[in-house]
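This briefing covers one protein chain in plain terms.

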Amino acid sequence: MQKTNHINSINPAQILGQDEKHLYYVSERVAIHQAMKNAFDAMVYAAKDHNIELTIASGFRSFDRQLMLWNNKFSGKTPIKDSAGNIVTSAELSPLELMHSILLYSALPGASRHHWGCDIDVYAPNLLAQGYQLQLEPWEYSEQGPLAKLSAWLIQHAHKFGFYFPYANFQGGVAKEPWHISYLPLAQQYQQAFDIDLLAQTLSRSCILGKSVIIENLDDIAKRYINNVCAAPTNVILAKDLEY
Ligand SMILES: [Zn+2]
């Protein structure tokens, strides 16, 4: 199926996390979209001026990796947490309830914004005590948390580099994720190119756990989680204005 105009350049496999040709490796294990590198570097440099070592905890994630994360949660191998950080007793849940409790923090494989390479989870190791294990929980980024300074800086400055928070607030779908930032010039193209039929086909062919409950509820999942992201504020500078 042909897509139109500017989204022509996006390979459908890239939306699903099944293509890695667009990636630039920041380190051995962390990759981002090549077209985001300059904006990201400029933001890192600016944060350093404020003694914040802006670092990626999680960048690009492939379909297969997201599938493994999903299946580990669905099978009970990895604990599932609620928004307060408490462990959910998954054995007592129906498949539908289990699916929703996973979707609070983990996207469906094929529907994660981390597939695109332009969405990243960030932290600042220099603000954490030695040996501290990052949990990626909201309290760590709150005013009382160790990453409060990073959060405040991002809220004040990230937009100047084209970044915004798609999970700034809980809207009934994905939990509030103050660590997740998105590079709007690229992310808006991927978001527009998202194709639910392609996702359904891909999941049908995969070995995802909970397949039938997922496929049956896919329209609802798209409405409540995939498309239910916070709008980018108008002060986020668009690609045409970025000088990086
Ligand atoms: Zn994230």
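Is N51 buried or exposed? N51 is exposed, because 11 other C-beta atoms lie within 10 Å and the exposed class takes in residues with 12 or fewer. The model discussed here is predicted.

**Loop residues with positive phi**

- N51 belongs to the loop that runs between α2 (37–48) and β3 (55–58).
- The phi of N51 is positive, about 60 degrees, although N51 is not a glycine.
- L136 also has a positive phi, about 55 degrees, and is not a glycine either.
- The loop holding L136 lies between β4 (119–123) and α5 (138–141).
- L136 counts as partly exposed because it has 17 other C-beta atoms within 10 Å, a count between the limit of 12 or fewer for exposed and 20 or more for buried.
- As background, most residues other than glycine have a negative phi.

**L98 in helix α4**

- Helix α4 spans residues 95–103 and contains L98.
- L98 is buried, since 21 other C-beta atoms lie within 10 Å and the threshold is 20 or more.
- Leaving aside residues up to four places away in sequence, L98 touches F74, S90, L93 and G210.
- L98 and L147 are 49 residues apart along the chain, and their C-alpha atoms are separated by 30 Å.

**Strand β4 and its partners**

- Strand β4 is mostly covered, with 4 of its 5 residues buried.
- β4 pairs with β3 in the antiparallel sense, over 3 bridges.
- Within this pairing, V122 in β4 is the bridge partner of I56.
- β4 also pairs with strand β6 (residues 180–183), again in the antiparallel sense and over 3 bridges.
- Here I120 stands opposite I181 in β6.
- In general, side chains in a regular strand alternate between the two faces of the sheet.

**The chain as a whole**

- The protein chain has 10 helices and 6 strands.
- Its radius of gyration is 18 Å, close to the 18 Å that the globule rule gives for 244 residues, so the chain is as compact as a globular protein of that length.
- Taken along the principal axes, the C-alpha atoms fill a box of roughly 50 × 45 × 35 Å.
- Buried residues make up 32% of the 244 residues in the protein chain.
- Among contacts with a separation of 6 or more, 72% are between residues 24 or more positions apart.

Conventions:
Residues numbered from 1 in each chain as written. Predicted model: local features only at pLDDT ≥ 70, side-chain atom pairs only at ≥ 80, totals over all residues. Helix = DSSP H or I, 4+ residues; strand = E, 2+ residues; numbered from the N terminus. Contact = placed C-beta atoms within 7 Å. Pairing = 2+ DSSP bridges. Rg over C-alpha atoms; globule rule 2.2 N^0.38 Å.
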